Amino acid sequence: MLRIGREECPYCHRASEIYTSNPKSIWEELVILLLLRPVRCHDCMRRFLRPMFIETPVAPKSVTARKSAQRVRKDERSA
């Protein structure tokens, strides 16, 4: 179940890099009716819901690419 956070991530309690996320299921599309939007914390890479009235930026391509590259390097080291 996704948690609902306000200003910071409910998992890692940081507010530095939180961006909007695309809905992954019909449930996440339906929560829009409750004025909630799916977002992702790019510090811990976990998804949660956030009220729509809190402004949330769209993830820039450079942040997404950088985090993906870090994850690939981490997977290579553990293999």
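Predicted model: local features only at pLDDT ≥ 70, side-chain atom pairs only at ≥ 80, totals over all residues.

Q: Which residues does cysteine 41 touch?
A: Leaving out residues up to four places away in sequence, cysteine 41 touches Cys9, Cys12, Glu17, Ile18, Arg46 and Phe48.

Q: OK, zooming out. How many helices and strands are there?
A: The protein chain has two helices and three strands. Starting at the N terminus, the elements run β-α-β-β-α.

Q: And how much of the chain is buried?
A: Of its 79 residues, 32% count as buried. As for contacts in the chain with a separation of 6 or more, 50% of them come from residues 24 or more positions apart.

Q: How do the strands go together?
A: They form an open sheet of three strands, ordered β1-β2-β3, with antiparallel pairing. β1 (18-20) and β3 are the edge strands, each pairing on one side only. On average, neighbouring strands of this sheet are turned by 45° against each other, direction ignored.

Q: How many bridges are there between β1 and β2?
A: Three bridges, in the antiparallel sense. Tyrosine 19 has arginine 40 in β2 as its bridge partner.

Q: What about β2 and β3?
A: That pair is antiparallel as well, over five bridges. Arginine 37 stands opposite arginine 50 in β3.

Q: Is β3 enclosed or open to the outside?
A: Five of the five residues of β3 are buried, so the strand is largely enclosed by the rest of the structure.

Q: Which way do the residues of β3 point?
A: Arg47, Leu49 and Pro51 point one way, while Phe48 and Arg50 point the other way, and all are buried.

Q: Tell me about arginine 47. Where is it, and is it buried or exposed?
A: Arginine 47 is in strand β3, which covers residues 47-51. Arginine 47 counts as buried because its relative accessibility is 13%, and the cut-off for buried is under 20%.

Q: What polar atoms does the side chain of arginine 47 meet?
A: Its side chain and that of glutamate 28 are joined by a polar contact of 2.3 Å. Also, a polar atom of the arginine 47 side chain lies 3.3 Å from the backbone oxygen of asparagine 22.

Q: And arginine 46, where does that one sit?
A: Arginine 46 lies in the loop between β2 and β3. With a relative accessible area of 43%, arginine 46 is partly exposed.

Q: What does arginine 46 touch?
A: Not counting residues up to four places away in sequence, arginine 46 touches Tyr11, Val39, Arg40 and Cys41.

Q: Last topic, the backbone. Which residue in the hairpin of β2 and β3 takes a positive phi?
A: Methionine 45, with phi near 60°, in a hairpin that has five residues between the strands. Methionine 45 is partly exposed, with a relative accessible area of 25%.

Q: Why point out a positive phi?
A: Because most residues other than glycine have a negative phi.

Q: What about leucine 35?
A: Leucine 35 has a positive phi of about 60° although it is not a glycine. Leucine 35 is in the loop between α1 (26-30) and β2 (36-41). At 55% relative accessibility, leucine 35 counts as exposed.

Methods
Residues numbered from 1 in each chain as written. Heavy atoms only, no water. Helix = DSSP H or I, 4+ residues; strand = E, 2+ residues; numbered from the N terminus. Buried < 20%, exposed > 50% of the residue type's maximum accessible area, 1.4 Å probe, protein only. Polar contact = N/O pair within 3.5 Å; in protein donor to acceptor, adjacent residues only side chain to side chain. Pairing = 2+ DSSP bridges. Axes fitted to C-alpha atoms, helices over the stretch in contact; angles between N-to-C directions. Contact = heavy atoms within 4.5 Å.
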